[in-house]
Amino acid sequence: MDTSALPSVLSCRIQSTSEPLSKRATVNGVPPSILAKGGTAELIDENQLLLKLEFTGPLPPLPTSSGTAKNPVTVGLNYSFIVNLDRPETHPYAVIRGTDGWSIVDFSDGSYEGIVLDDLPNITVGPDTVDLILELDRLPALPKRLDPVVYVDTLNRTNQYADVDYYLEQACE
């Protein structure tokens with residue numbers, strides 16, 4: 001695998017053409033606390049990719065779970081990441097923050113649930129930073145050239161009965 005693009009500085013920008021997941025939803029500007037300022041990508045050993053993102057922060061706390069066990073509803077301001085290891089983007093991985101912590105999910109099988117690759121990934125969240133270490137040897141597909149792009153997705157639900165508010169996606173590349 002070609003790693004000549006690393007280490008790299010990630011510049012973040014708001015994607016003005018973001019589409020909400022639901023046709024009824026509206027897309028809002030990015031909340032100030034989750035506005036990505038920039039980041040870095042570096043290989044810290046041959047199988048570990050460190051992605052560091054800095055936000056204008058402070059980042060919001062974990063969302064809470066409401067509803068029932070059969071129909072749980074996540075409430076609160078929440079963010080997640082889509083990581084593409086190469087350009088052009090061929091195999092994205094979702095890094096999802098739930099009420100119990102983080103997980104890395106591969107949706108390449110086309111299913112709604114995807115395949116959980118790691119339900120205890122190495123992620124450190126500071127007051128205004130997120131450090132994510134991807135264990136490359138645990139991923140099912142690796143690119144020929146490692147040149148990562150990280151997308152930051154944000155949504156908010158004020159209570160279990162409220163509609164979800166979506167925010168413009170951010171791209172850090």
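**Figure 1. Arg-87 and Asp-147 form a salt bridge in the predicted model.** The closest N and O atoms of Arg-87 and Asp-147 are 3.1 Å apart. This pair connects distant parts of the chain, with Arg-87 in the loop between strand E7 (72-84) and strand E8 (92-98) and Asp-147 in the loop between E12 and E13, 60 residues apart. The two partners are described by their relative accessible areas: Arg-87 is partly exposed at 37%, whereas Asp-147 counts as buried at 13%.

**Figure 2. Arg-145 forms a salt bridge with Asp-2.** The closest N and O atoms of Arg-145 and Asp-2 are 3.6 Å apart. Arg-145 is located in the loop between strand E12 (129-135) and strand E13 (149-157), and Asp-2 in the segment before strand E1 (8-10), so the pair ties together parts that are 143 residues apart in sequence. Arg-145 is partly exposed, with a relative accessible area of 37%. Asp-2 is also partly exposed, with a value of 33%.

**Figure 3. A network of salt bridges includes Asp-147 and Arg-145.** Asp-147 forms a salt bridge with Arg-145, and the closest N and O atoms of this pair are 3.2 Å apart. Asp-147 is also the salt-bridge partner of Arg-87, and Arg-145 that of Asp-2. The network links Asp-2, Arg-13, Arg-87, Arg-145, Asp-147 and Glu-173. In the whole structure, a search finds 8 salt bridges. Side chains of opposite charge can pair when their charged atoms come close.

**Figure 4. The rings of Phe-81 and Trp-102 are stacked.** A pair of aromatic rings is described by the distance of the centres and the angle of the planes. For Phe-81 and Trp-102, the ring centres are 5.8 Å apart and the planes lie at 15°, so the pair is stacked; the cut-off for this term is under 30 degrees. The pair links distant parts of the chain, as Phe-81 belongs to strand E7 and Trp-102 to strand E9 (residues 101-106), 21 residues apart. Phe-81 counts as buried, at 3% relative accessibility. Trp-102 likewise counts as buried, at 13%.

**Figure 5. Ring pairs join four residues into an aromatic cluster.** The members of the cluster are Phe-55, Tyr-79, Phe-81 and Trp-102. A search of the whole structure finds 4 aromatic pairs. One of these is the stacked pair of Phe-81 and Trp-102.

**Figure 6. An open sheet is formed by 5 strands.** The strand order is E1-E4-E5-E12-E11, and the pairing is antiparallel. E1 and strand E11 (122-125) are the edge strands, each pairing on one side only. From one strand to the next, the twist averages 15°. Strands of a sheet pair through backbone hydrogen bonds, either parallel or antiparallel.

**Figure 7. E11 and E12 pair in the antiparallel sense.** The pairing of E11 with E12 extends over 4 bridges. Ile-123 has Leu-132, in E12, as its bridge partner.

Methods. Residues are numbered from 1 along each chain as its sequence is written. This is a predicted model: local features need pLDDT of at least 70, side-chain atom pairs count only at pLDDT 80 or more; totals for chains, interfaces and linings use all residues. Side-chain values use heavy atoms; hydrogens and water are left out. A salt bridge is a side-chain nitrogen of Lys or Arg within 4 Å of a carboxyl oxygen of Asp or Glu. Helices (H or I, at least four residues) and strands (E, at least two) are DSSP runs, numbered from the N terminus. Buried means under 20% relative accessible area, exposed over 50%, partly exposed in between (1.4 Å probe, protein chains only). Rings of Phe, Tyr and Trp (its six-membered ring) pair if their centres lie within 6.5 Å; planes under 30 degrees apart count as stacked, over 60 as edge-to-face and the rest as tilted. Two strands pair if DSSP finds at least two bridges between them. Axes are lines fitted to C-alpha atoms, for helices over the stretch in contact, and angles run from 0 to 180 degrees between N-to-C directions.
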